[in-house]
Amino acid sequence: MPFRSFPYFLSAITLAGAAALAGGAFVVQAATGASVRVQVVDVNGMPVRDAVVELHHARGASGPIRFPWKMGMAQKRLQFTPGTLVVAQGSTVAFPNLDQVRHSIYSFSKPARFEIDLYGRDQTRTQSFPITGSVKLGCNIHDDMRGYIRVTDTPFAGKTDHNGYVILAGMAAGNASITVWHPQLRSPANEMKSAFSVSGAAQVHKIKVTLR
């Protein structure tokens, strides 16, 4: 079965493999609980697409983390597809080559330093990501190719849609922290973190970031 890139619209599911669409934004749902709708915008108020938003409860997370999208990043039309992928710590990601040319994927990022030798069309290679953080990907053959993998240790994580929204549902009420990451965010490690309080009701939160 051919690899399919991460869909931008998903139907309702559970943690064991599912997401729901609400108000045009992704919903990442781990269990019944609070729903936090986050919009990320730039200094001009324009929505920021493909920003990764993570919620970490003060009590931490327990149990395995599973996201509804495929743990895969294809090479298609000399691009990484999707360009940004959120994965749980310890995940193994597939890199199927859908191009007519060969690719050699590498990363010099601290959480995952690796190099995958040249491989051709309809071949797939895999790589594990045991350390949290941001991983920038390139291709030794095609210098313009750039991809990003965000490795997280919370089930309450996702990336914003074209309107800058993501919905993270299922977190218990209490103290938490919220982190926004984007490859162009003007901040150390390209991320911004702040304290956050999760209530028992649905919440809407707008975060303004400065991009390069």
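Four strands line up as an open sheet in the order β14-β4-β16-β17, with antiparallel pairing; strands here are DSSP runs of E at least two residues long, numbered from the N terminus, and two of them pair if DSSP finds at least two bridges between them. The model is a predicted one, so local features need pLDDT of at least 70 and side-chain atom pairs count only at pLDDT 80 or more, while totals for chains, interfaces and linings use all residues. Residues are numbered from 1 along each chain as its sequence is written, and side-chain values use heavy atoms, with hydrogens and water left out.

β14 and β17 (191-198) sit at its edges, each pairing on one side only. From one strand to the next the twist averages 20°, taken between axes that are lines fitted to C-alpha atoms, with angles running from 0 to 180 degrees between N-to-C directions. Strand β4 (residues 52-57) and strand β16 (residues 174-181) run antiparallel and are joined by 6 bridges. Within that pair, His56 faces Ser177 of β16. As a general point, strands of a sheet pair through backbone hydrogen bonds, either parallel or antiparallel.

On β17, Ala195 is worth a look. Ala195 counts as exposed because its relative accessibility is 72%, where exposed means over 50% relative accessible area, buried under 20% and partly exposed in between (1.4 Å probe, protein chains only). Leaving aside neighbours within four places in sequence, Ala195 is in contact with Ala176 and Ser177, contact meaning heavy atoms within 4.5 Å. Ala195 and Ala58 are 137 residues apart in sequence, yet their C-alpha atoms are 9.8 Å apart in space.

Thr154 tells another story. This residue is in the loop between β13 (147-152) and β14 (157-159), and Thr154 counts as buried because its relative accessibility is 3%. Its side chain reaches the backbone oxygen of Leu55 at 2.7 Å and the backbone nitrogen of Phe156 at 3.1 Å. Both are polar contacts, that is, pairs of N or O atoms within 3.5 Å; within protein, one atom must be able to donate a hydrogen and the other to accept it, and residues adjacent in sequence count only if both atoms are side-chain atoms. Beyond four places in sequence, Thr154 is in contact with Glu54, Leu55, His56, Ile65 and Phe67.

A second sheet is made of 5 strands, open and in the order β7-β13-β12-β9-β10, with mixed pairing. Here the edge strands, each pairing on one side only, are β7 and β10, and the twist averages 30° from one strand to the next. Strand β9 (residues 105-109) runs antiparallel to β12, with 2 bridges between them. Ile105 stands opposite Cys139 in β12.

Ile105 turns up again in the largest nonpolar core, which has 26 residues; Phe95, Ile105, Phe114, Phe129, Val135, Leu137 and Ile149 touch the most other members. A nonpolar core is a set of buried Ala, Val, Leu, Ile, Met, Phe, Trp, Tyr and Cys residues joined through side-chain atoms within 4.5 Å. Two or more residues come from each of β7 (84-88), β8 (91-96), β10 (112-115), β12 (133-139) and β13, and β7 gives the largest share, 4 residues. Apart from this core lies another, of 20 residues, among them Ala51, Phe156, Ile207 and Val209. As for Phe129, its contacts beyond four places in sequence include Ala88, Val93, Phe95, Phe114, Val135, Ile149 and Val151.

Most residues other than glycine have a negative phi, and most peptide bonds are trans. The bond from Thr81 to Pro82, however, is cis, with omega near 0°, and Pro82 lies in the loop between β6 (79-81) and β7. Leu78, in the loop between β5 (74-76) and β6, has a positive phi near 60°; with a relative accessible area of 42%, Leu78 is partly exposed. Asn190 also has a positive phi, about 60°, and is placed in the loop between β16 and β17.

Over the whole protein chain, the count is 0 helices and 18 strands, helices being DSSP runs of H or I with at least four residues. Buried residues make up 47% of the 212 residues. Of the contacts with a separation of 6 or more, 62% involve residues 24 or more positions apart. The accessible surface comes to about 10500 Å², and 50% of it belongs to carbon and sulfur atoms, by the Shrake-Rupley method with a 1.4 Å probe.
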